[in-house]
Amino acid sequence: GSVVTGDAGFARDVVLGAAPWHGRLLVLNTEDAGESTGHGSPLPPLVHGGPGRAGGGEEMGGIRAVVHHMRRTAVQSGPAMLTSITGRWVPGTDRTVTDEHPFRKYLEDLCVGDTAVGGPRTVTLDDVEHFAEFTGDTFYAHTDEEAAKANPFFGGRVAHGYLVVSFAAGLFVEPAPGPVLANYGLERLRFLTPVKPGDELTVTLTAKQISPREGADYGEVRWDTDVTNQEGASVAKYDVLTLVAKRPRHD
């Protein structure tokens with residue numbers, strides 16, 4: 001099915017209402033119509049959305065065995081429209097940066113797209129050596145210049161990936177007590193570009209998904225995290241998972 005509209009609310013209502021009976025929905029607006037290729041074609045390696053079973057000889061173990069008996073719908077559109085329909089921030093959608101750090105907001109006040117930007121911070125050779133000694137991670141790529149030069153991926157000593165993640169946390173954190181109760185993990189972590197001494201790190205943290213917990217005084221917030229260097233190249237991408245308090249109730 002196809003929906004042609006510039007009204008995100010209307011598109012959301014139509015998609016959520018029609019999804020149980022359609023395997024693929026295309027939403028067109030002025031943002032994406034010019035480059036749209038239509039509904040597209042499922043490729044053999046992909047799990048193609050559709051009512052009932054889909055995907056050919058895909059593994060049927062675990063949760064996938066359950067998912068195969070559920071109705072799934074593939075939705076195509078531009079980033080902003082997909083964000084409006086799903087309630088989940090999609091890369092390419094505008095971010096909202098204000099003077100108020102998102103970590104100062106209660107769950108009800110947060111919006112998908114709320115963003116904090118921190119940095120830059122320069123990574124020094126002393127940082128790398130201290131991290132290696134302090135953690136015990138003395139892998140040669142961080143400690144031996146000649147050996148690191150021989151590595152086809154590095155061409156010289158590089159910072160630890162977890163040093164990058166640690167520095168990023170220091171750049172986006174709001175240290176004072178507030179609505180953020182805990183960081184309970186990372187997901188989808190990938191190290192994309194080696195970080196060498198002298199590189200500068202900047203982190204962009206964007207509220208990606210907000211999930212209230214029924215009957216609890218807090219909810220879960222997933223943050224899209226993009227760490228970039230001085231050239232704008234992503235060096236690490238991942239999701240930060242936090243528990244955020246709801247506004248206090250005054251009974």
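Predicted model: local features only at pLDDT ≥ 70, side-chain atom pairs only at ≥ 80, totals over all residues.

Residues are numbered from 1 along each chain as its sequence is written, and side-chain values use heavy atoms, with hydrogens and water left out.

Helices (H or I, at least four residues) and strands (E, at least two) are DSSP runs, numbered from the N terminus. Two strands pair if DSSP finds at least two bridges between them.

Start with the open sheet. It has 3 strands in the order S1-S2-S3, paired in parallel. Strand S1 (2-4) and strand S3 (74-76) stand at the edges with a single partner strand each, so one side of each has no neighbour in the sheet. Neighbouring strands here are turned by 15° against each other on average, direction ignored. For angles, axes are lines fitted to C-alpha atoms, for helices over the stretch in contact, and values run from 0 to 180 degrees between N-to-C directions.

Between S1 and strand S2 (residues 24-28) there are 3 bridges. Val3 stands opposite Val27 in S2.

Now, what packs on this sheet? Helix H1 (residues 8-18) does, touching S1, S2 and S3. Contact means heavy atoms within 4.5 Å. The direction of H1 makes about 170° with that of S2.

Which residues of H1 are buried? Ala11, Val15 and Ala18. Buried means under 20% relative accessible area, exposed over 50%, partly exposed in between (1.4 Å probe, protein chains only). These three cover an arc of only 80° around the axis, which puts them on the same side of H1. That arc is taken from the directions from the helix axis to the C-beta atoms. They pack against S2, S3 and helix H3 (79-86).

Next, the antiparallel strands. Strand S5 (residues 114-122) is joined to strand S7 (residues 200-212) by 6 bridges. S7 also pairs with strand S8 (residues 218-228), over 10 bridges. S7 and S8 form a hairpin with 5 residues between them, and Gly215 in the turn has a positive phi of about 80°.

Last, helix H4 (residues 125-135). Its buried residues are Asp127, Val128, Phe131 and Ala132. They cover an arc of only 130°, which puts them on the same side of H4. The face turned away carries the exposed Asp126, His130, Glu133 and Phe134. After H4 comes Gly136, with a positive phi near 90°.
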